[in-house]
Amino acid sequence: MPPLAGQGRCLESVPWRGAPVSPGETTLEVSVSHNDHTGSTLAAHVRQVTGLNPARCYQCGKCSAGCPMAAEMDFRPHDVLRLIQQDKREQLLSGESLWLCLTCETCTARCPNECDPARVIDTLREMVWRDNGGAGAPRHIRAFHKSFLKQIRRSGRIFEFGLVAGYKMRTGSLFSDVGAVPGMLKRGKLALTPTRIKGLDEIRRIFDKCAAAETDAEEP
Amino acid sequence: MARIGVFVCHCGENIGRTVDCAQVAEACGSFPGVVHSVDYKYMCSDPGQLQIKEAIKEKGLTGVVVAACSPHMHEKTFRKAAAAAGLNPFLCEMANIREHCSWIHEDRARATAKAIDLTRFIVEKVKRNQPLVPISIPVERRALVIGAGIAGIQAALDIADGGREVILVEKEPSIGGHMSQLSETFPTLDCSQCILTPRMVEAFQHPRIKLMTYSEVESLEGYIGNFAVTIRKKARSVDDELCNGCGDCQSACPVKKIPSEFDAGLGKRTAIYVPFPQAVPNIPVIDRERCTRFKAMRKGKKKEVCGRCLKACGREAIDFAQEDRLITEKVGAIVFATGYQLYSIGEEQPREHLSGYGEYGYGEIPDVIDGMQFERLASASGPTGGRIERPSDGKEPETVVFLQCVGSRDPQKGIDYCSKLCCMYIAKHTMLYRHKVHHGRAVVFYMDVRAGGKGYDEFVRRAVEEDGAEYVRGRVSRLYRAGDKVRVCGFDTLSGEPLEMDADMVVMATAIQPQPGIESLAQKLSVSYDKSGFINEAHPKLKPVETNTAGIYVAGACQAPRDIPDAVAMASAAASKVLGLFSNEELERDPCVAQVDETTCSGCFHCERVCPYGAVEHLEVRDRGGNLIKVIAKVNQGVCQGCGTCQATCPSKSVELLGFTDAQIFAAINSL
Amino acid sequence: MSEATATRTPPAVDAFEPKIIAFVCNWCTYTGADLAGTSRLQMAPNVRIIRLPCTGRIDPLFIVKAFERGADGVIVSGCHPGDCHYTAGNFHARRRFAVAREIMGFLGIDLDRVTFSWVSASEGGKWSEVVNETTARVRKLGPFNTYRDLVAGS
Amino acid sequence: MQELVDLTSKLLQNGDVNVVIGYEEGPRGVRPVVAATPDDCRRLIFDHRAVHNLATYLSPRRKHLRVRGRAAVVLKGCDAAAVATLLRERQLKRDDVVLIGVRCGGVYRTTTAEGALSADNVADRCGGCALREPTLVDHLVGDLPPEPPTAGQRAARIAALEELSPAERFDYWRRSLADCVRCNACRAVCPLCVCERCVADKTDPQWIESSPHLRGNFSWHMARALHLAGRCVDCGECQRACPAGIPLTVINGKVGQVMGARFGFRPTDDPDAPAPIGTFDPDDSQEFIR
Amino acid sequence: MKLGYFPGCSLHATAREFDESLRAMAPRLDLELDEVEDWACCGATSAHNTNHLLSVSLPARTLAISEAQGHESLLAPCAACYSRLAYARHALEADPSLCDPVKDAIGREPPTTVQVLSIVRLLADLAPRIREKVATALDGVQIACYYGCLLARPAELNDVGSVEAPTAMEDVVKAVGATPVVWNQRLECCGGGFSLSRKASVVRLSRSIVEDARAAGAAALVVACPMCHLNLDFRQKAIARRSGERADMPVFFLTQLVGLALGMSATELGLGRHYVSTADFVARLSGQEGAAESASEEIKEVG
């Protein structure tokens, strides 16, 4: 039999084929989604920014089963998706759980349904950071990010001694890990003076264009 | 000269309310070639039809146009009336002035004008209609069933019991399929082999069933009622006439450590083997990949090595020189019943777009097994004689964890669908396990329990309520070795807490997939399949066991995941379709098929390229001396379905679709 | 539905009413148009349907032929991809139409006069929209005598 | 070109072929020739003036040539693509011909042009040609010349036409096609117009009005373009043959653009490559379909 | 082979020995490292946790410079930097709508050609060459290869084999004659960026890694990430305090292990900068008591 044009083929996007449906019967639509992704819900925001559809999560919990931080979180990755589905903005965004995610991507790698919880959590953190500078984040983590970004903006690179110092200033935990400093210095692991890159103006431009909140004016 | 009669129907008020039917009839009466034009309240009524019949006879009409409802509604009615009056039915056509006119317009003047136009189109067309005679095709009343699992066996038995011959082709050495591997069956817990084996024997002994095991379909030609199928009978290396199934060759075979396919790798077999003791036919086959003698031959060794089976056989049935044979059979219908396989959990996947489950360590951790392996462990005929022993050290496992949905409902790994059976067989596994190991724990990680079926939900409830299966809602993230145990990292989404536990054995309910190679078989048979490889039925509701190639039917798990009752029901349905087809000696077909003009065809075969049915054949045109002048296209009218794509494609317009010729369509356009 | 209201009041005698020919397949669009009728969806009365087995049967020159014979607009409609009764006729047709349409456009035929659509057997509503939209568009463009009268111009 | 002369002489001497179809010097530049003896072969040449597509002479309609027996034919890459189409459409058996490919550095628009190839005198199809070394052939002769320049006039003309309103475009073609006298030279010279009976000659029913008035002319040129879509190798012979100077390659060029953009089609000399019309992809773009 | 080189901030500070050992080893494997001029920090966790565009733009600038320098491949030994650079390349390719804003931010054409390479991939590809040049084979030494998160995940950026069962690091370890142990925690997270800000979590997570490696019989851990190194090496003291037992599990950068096999000295490889002493391990390698002493001398000297 000669090769046929239409049959004996895989019909990819078509779940079935053959005779037409009779009037009044509906055809099977597979690709059309009627989920709102233009509105102002959290789900819509996530979908707009990332292209991911939070409605895909069917709460199997595989993400949370593998999450190294699950034991310390109030909302585990699958809870995050659930709260998005229910649009519980306040509850979700004010908690500290979001900030405990290490972005180890275990959830994303194992999610059966392509929900990419790691990216979703990053998106939510960015939202919070933009809205209120990360209020709700654990103080130490917030301070760390602030110091870190500030460092980059100032020097273009991370100068760890300065980073540690800045972070300690912000958290007031001046003396934790302080015993480590001599050892670090001895091993040549801490430089005492920052390296500034030449293209600092470029870095500032990037920060400005990205509307990153870390401006020089923000703190002394 | 054409003598056309026009009959305008009022359809009660349906047409008459917005279309002035009398005016339409009057206008049509003035069209050239129209010799009779009337309107009437109900053309489809007996008196209406009588008017048509009488007019045909009295006026000697050469064509009839009924301006009424949609041809989908009454074309058959009026054609029958025309035929009763001696007019070829294909000279009768309808103009649709109801659905396409009176029902969708309110302006009477414009609706009437449109009705006149629509009727004129058809009048002009009918003037050029030719009398056509339905095509009749003889039916070869024998069936081919591909795959001899429970679906194939059932279909074959039903067709054979219905009085027709069946060729039952199975690629494995024995019939029986996956059902023969199962321990017990849900929801009744009756022994699978006990209910299957009699069926296998019945199929084997049936006078109208020709069994061809260790055979595969090589190619298919022809069309409904007239298929010619070529079957490859693979070399068994054992003469099935001489062999009496005594088993001496197996005992003699020195290669004894081959993982047994039947025992899902948990047991061992020899290189010459019968897959399982109850195999039908009970004739061994030599696994040429593993046999010492064939290995040596492949390496080019001249000396004949081993040959112990040859010496052991008292009937001289061993035949190392046997070769594959190709056998062609004529059949009129085909049942596609090739069944399923389980998703392989490891990294290597039979389908390239799928990825495995590295996080579950299948193949690395010996005590992580799949559902079919558990069936073999639980089966009385299995490698452990029905004792539940874990593969690593043979210990009786005290905690068994079952994972549902491994591979199913997992678009990321490439399978979107629910495999349907796993919820049920995992519940069955927990019961079998708890019945055998009373103090053991059976823990099931699930997402949803889907137990729609007679007695199914009750069955699952019994596993939980009476047999103490513990159900945890959540997927497991990872399995790894913890000493001699398997650490299970899961999450209980109902309590909202991470759940880590150590199991002695883990059983995974892996997804149901079609057999490997189903795509190429489907291509040979020109039936379509979905992206997972499952065969597409012709209509999801109304034609569930037909494929969209006429004469080919589908049954069992090659169409979608199916449990035994479903597969058997489909098989019987397919068999009844086949028997229905075979109840006639000839098939009648609509004669609106394509026809090639031999004088102008240039043989470029554009038509062949676009034909969805492979209906275009090559015709050699020779002169009187027998010299080849040209090769041109010829349409096999038994295969052509009348879409006309060839005609639109033909650059020289040398193909005509009868009933919709260019002349007919142009006539309609020209009458604008 | 402006079209439907327009049909209620008889048009002025000299108002231009476009003539539109629709080439449709038997299985989807013709049946869809039947459904529009059964559902009593009012639509512009300008379209005359010619029924064919499949869009695969439609030679693009049919469209040209229709213009030659004085059609002001043409609709070509069939089954959605994947729904073809004959499996693949509409896939072949789609390629042919894609090319033919661009050639026609390049030669100066206003493509607003030609509508291609997929209308399934269950889309009676869509069919009435296709009819109304095409009618409105072609009415705006005016009569297409240019093509029919080419014969006189040379 | 000695290599060509030697090869073809040998083919004739050995009885591999009965005739060789190639190019020779003529009164108005280069012209096609049918060489039947090794002596004739000495006249064979190949240069930038070898404009003709000799695949035309392999068309089954050239019955007078076919009776002369097995032929060898000299082919540029574009000509080889036409041969590939003939093979694909079963108009020719591969074993019935000997194909001699010439490594090609482009040709002029006309057979009589002179001087170095430039954007002004090079044929439209030559710039960016991917077939300068045909692969379908039995023999490949010559050294690979430098790449030809690209002529931009046609593309510019197409673009300019597309800028116009439909009415203005219609007007342009009305003026251009008014000159067509339906002499059918375009059809006769085309290597791929292979029908036994052209659709334009069909009478019952009549597809294309046969008298030379504008309406029939429009239909004819539209049908021609449609039938060549996905087959045309852009050799430009139709326009060269047209006594009325109708810019046929502008239409061909536009169709070529469409086939390329929509279906990724480029003329190829692989006879097994699928043709874009007659095949499909379920995901073909359908932006124009409602 | 000439490669673009992006050391990243850590390799100039807490993970200096990673940089030192790589630079020292490079010529022996015929590698020429061409550092990206005026590179800036990749933005690390802080950027992508708070500003997606920033987290793509910072690496995009570095990548654009690298392309301008003519690099076909850019080596980013730090797993975190690798992840961010590779992500930026991937994101710009997968989401064309990012190109304009990124272009606007960095004032350069966004990168389109340069291939970001992890040290693990590079060394795995060079395994045959390494095998040839081994001077001190680490025969039979049991090594736990630790990938952590950023080398294996997400799947789009993984260049070390499969997501759940990568093999590249094991290939390198086998090339130097050592035996990779089979263990469970090689893909689990060590706590990464929380080293400073949430020490307790880091100690909890790192502890289970060190303990599992030990239970599997490993003599040392091998890593390719400065953060992992810091958490597993520097925090081992805190882990011991928590578990009440010292693991004394040396933690090597992959480059250091390869360097040792190539016969390079402890000084060259910066072994003295570690917190958990590597002296015993190195001594056992050479199998001589004297060597053990001199090795430990050398290491102390650096320390």
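Guide: Start with a term. A helix axis here is a line fitted to the C-alpha atoms over the stretch in contact, and the angle between two axes runs from 0 to 180 degrees between N-to-C directions. Keep in mind that this is a predicted model. Two packed helices are described by the angle between their axes and the distance between those axes.

Now go to chain A. Helix α3(A), residues 77-85, packs on α7(A) at an angle of about 60°. The axes of α3(A) and α7(A) lie 10 Å apart. Angles of 65 to 115 degrees would count as roughly perpendicular, and those under 35 as roughly parallel. α3(A) and α7(A) are therefore oblique to each other. The crossing of α3(A) past α7(A) is left-handed.

Which residues make the contact between α3(A) and α7(A)? From α3(A) come A:P77, A:V80 and A:L81. From α7(A) come A:P117, A:V120 and A:I121. By class, this contact has six nonpolar residues, no polar ones and no charged ones. An α-helix has 3.6 residues a turn, so residues three or four places apart point the same way.

Of the eight pairs of chains in contact, A and E share the most contacts. Chain A brings 44 residues to this contact, and chain E brings 45. On the side of chain A, α7 (117-132) supplies at least two residues, as do α6 (106-110), α8 (139-155), α9 (160-171) and α11 (200-209). The largest share, seven residues, comes from α8(A). The chain A side that touches chain E has 22 nonpolar, eight polar and 14 charged residues.

Chain E does not touch every other chain. Chain D makes no contact with chain E, and their nearest C-alpha atoms are 20 Å apart. Chain C does not contact chain E either, with 28 Å between their closest C-alpha atoms.

Finish inside chain E, at helix α1(E), residues 16-25. Is this helix enclosed or open? Nine of its 10 residues are buried, so α1(E) is largely enclosed by the rest of the structure. Among the buried residues are E:R16, E:F18, E:L22 and E:M25. E:E17, E:D19 and E:E20 are buried too. The cover over the buried residues of α1(E) includes α10 (226-234), β8 (251-253), α12 (254-261) and α13 (266-269) of chain E.

Terms used. Residues are numbered from 1 along each chain as its sequence is written. Chains are lettered from A and ligands numbered from 1 in the order in which they are written. This is a predicted model: local features need pLDDT of at least 70, side-chain atom pairs count only at pLDDT 80 or more; totals for chains, interfaces and linings use all residues. A residue is buried if 20 or more other C-beta atoms lie within 10 Å of its own, exposed if 12 or fewer, and partly exposed in between; C-beta atoms are placed from the backbone. Helices (H or I, at least four residues) and strands (E, at least two) are DSSP runs, numbered from the N terminus. Two residues are in contact if their C-beta atoms, placed from the backbone, lie within 7 Å. Ala, Val, Leu, Ile, Met, Phe, Trp, Tyr, Cys and Pro count as nonpolar, Asp, Glu, Lys and Arg as charged, and the others, Gly among them, as polar. Angles under 35 degrees count as roughly parallel, over 145 as roughly antiparallel, 65 to 115 as roughly perpendicular and the rest as oblique. A crossing is left-handed if the near helix is turned anticlockwise from the far one by less than a right angle, and right-handed if clockwise.
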